[in-house]
Amino acid sequence: MMEDDKDIACLENAYAHSLELLQKQSNPVLPESSILENTRSALLQNIPEHGRGIEQATNHLLQDLAPALNASSLSPNYYGFVVGGVTPAARVADNLVSTYDQNPSVHLPDQTVASNVEDKALRLLMDLLRFDEKEWSGVFSTGATASNVLGLACGREQIINERIKSCLGPDSEESVGSLGLLKACRLAGVEEIEILTTMAHSSLFKASSILGLGRACVHDVGKSDGYVTFDLQKLEQQLKSGHHNSASIVVVSCGEVNTGLFATHGIAEVQALRNLCDEYGAWLHVDGAFGLFARLLDGPPEFETVAQGARGLTLADSIGGDGHKLLNVPYDCGFFFCRHPGIAQQVFQNPNAAYLNTQNSATDPIQSPMNVGIENSRRFRGLPVYATLMAYGREGYADMLKRQIRFARAVAAHLFDHTDFELLPKDVFSNRASIDQSIFIIVLFKAKNKALNDTLVKRINASSKMYVSGTVWDHCPASRIAVSNWQVDPDCDLNVVRTVLENVLSEWSKECSKT
């Protein structure tokens, strides 16, 4: 069915709506509650017996549904969930992705350059993050959660396979991927696979469940007073005690979700982790959802402490990250880097599917991404990544991150000095110097008044001027500002934060005076 003039007109209306949104000086971060209710009542209750046509469908989308979507990506003042934005170059590319609707997971070099573009986008991303592309392979994923699944799956494969070889001999080709987890573990004499980490993100527990390891296998080996920092002695004891009947994956939190703090603080610490992993046959994975981008920082002393948190990570076996965070490309996009590409293929290959074997020759370096990743068919995630890296380059992305950090530190300093708020963790950020050195892009805080603090997130977000995430810290409600949008303007946005917080305090004071 060919598109007719009416179809084209509907596309033009949709693009006009998008352009109007993009041209607005500011967008409310959340729709009003009345709009949400109206939209819910306008949703189709049943599939229509006879289609209503593209014109009516388009009007329904633009008039009824679109006003009830939040502007998380469009607004620089949306500080929830480490949601970045979409750079103009990435948006242009993503529109092309929708138009061409290609599946880049199958390498078809005689038909399309899609897989070539994805391969190049991954290598440009490695270059941006200072990884040697000759040592690493990669694949795009839906996000850091899927990348953690990839990392743990590869780790599970490697550590069990090595144990099987130690039992059956070095020539054994048995693997988890071929035998299954239970049979492979029995052959390897392994009763449990442990994941050893510090202040694990929820996605690690989810990945552990998906992979059949179990959420109970995640163990914290952090210092009792160091939050996300490894206790190397505790880690070694855990590795040593379970060495005979268990296998281990060590996971580095490169940017803890509530505080933004790093698990490591320089090459020496990562080298110590690497040495322990080598000694006890463990896999070293990095959850670098947003912290990995600290590798962009180079030079100014004001960023040195943060930069140290991402140094030495090339010593890991695998790394996962998010593109729809600090890379500011559209949902969904994550990435996975691995120093052992053969391991990924053992886990994710598509066997017995000759029609999917499309590699032209032994000299073709690109393999089908579906054989090293989860999906056989998916969106062309690499094109927006390629476009945005071309458009803004290393300098542009470094500038974005520096603005984000400076703004986060300005907000943290304002809260630190404020009589009604408390910056968290209190013992970490005990003076202005610690703020100026260690704040990355996350600002955690609470109201000193308990009754106000219990409703603080709701009151802030009700303003529709900014949005924060609610979380829990030290058994108390807390508010979290996550700065990740490319449009950040430190001076302008700080004024927004100050104004919203003062309005919240003013309204609270009025309510208290009435009672």
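Which residue does UniProt list for "modified residue: N6-(pyridoxal phosphate)lysine"? The unreviewed entry gives K325. UniProt positions follow the numbering used here, feature names are shortened, and annotations may be inferred rather than shown by experiment.

Before selecting anything, note that this is a predicted model, in which local features need pLDDT of at least 70, side-chain atom pairs count only at pLDDT 80 or more, and totals for chains, interfaces and linings use all residues. Residues are numbered from 1 along each chain as its sequence is written, and side-chain values use heavy atoms, with hydrogens and water left out.

**Stop 1: K325**

Select K325. It sits in the loop between strand 7 (318-322) and strand 8 (334-338). Helices (H or I, at least four residues) and strands (E, at least two) are DSSP runs, numbered from the N terminus. Is K325 buried or exposed? It counts as buried, because its relative accessibility is 13%. Here buried means under 20% relative accessible area, exposed means over 50%, and partly exposed lies in between (1.4 Å probe, protein chains only).

Now show the contacts of K325, where contact means heavy atoms within 4.5 Å. Leaving aside neighbours within four places in sequence, K325 is in contact with F81, V82, G84, A289, F290 and S484.

**Stop 2: strand 8**

Move along to strand 8. It is mostly covered, with 5 of its 5 residues buried. Both faces are covered: G334, F336 and C338 are on one side, F335 and F337 on the other.

Two strands pair if DSSP finds at least two bridges between them. Strand 7 pairs with strand 8 in the antiparallel sense over 5 bridges. Look for S318 opposite C338. Strand 2 (residues 137-141) also pairs with strand 8 in the antiparallel sense, over 5 bridges. There, S141 stands opposite G334, and F140 has F335 as its bridge partner.

**Stop 3**

An open sheet of 7 strands runs in the order 2-8-7-6-5-3-4, with mixed pairing. Strand 2 and strand 4 (218-220) stand at the edges with a single partner strand each, so one side of each is left without a neighbour in the sheet. From one strand to the next, the twist averages 25°. Helix 11 (residues 267-280) packs on the sheet and touches strand 5 (246-253) and strand 6 (283-287). The direction of helix 11 makes about 140° with that of strand 6. Axes are lines fitted to C-alpha atoms, for helices over the stretch in contact, and angles run from 0 to 180 degrees between N-to-C directions.

**Stop 4**

Strand 1 pairs with strand 11 (residues 467-473) in the parallel sense over 2 bridges. Y78 stands opposite Y467 there.

Next, bring up helix 14.

**Stop 3: helix 4**

Helix 14 (382-417) is included in what covers the buried residues of helix 4. Which residues of helix 4 are buried? They are A89, A90, A93, D94 and V97. These cover an arc of only 130° around the axis, which puts them on the same side of helix 4. The arc is that of the directions from the helix axis to the C-beta atoms. Turn to the other side of helix 4 to find V92 and T99 exposed.

Check the ends of helix 4 (residues 88-100). The end C-alpha atoms are 19 Å apart, which agrees with the 18 Å that 13 residues should span at 1.5 Å a residue. The expected span is 1.5 Å times one less than the number of residues. Just after helix 4, D101 takes a positive phi of about 50°.

**Stop 4: two loops**

Select N449, in the loop between strand 10 and helix 16 (450-454). N449 is partly exposed, at 37% relative accessible area. Its C-alpha atom is 7.3 Å from that of D420, 29 residues apart along the chain.

Finish at V428, in the loop between strand 9 and helix 15 (432-438). V428 is partly exposed, at 25%. Not counting residues up to four places away in sequence, V428 touches Y227, L261 and S434.
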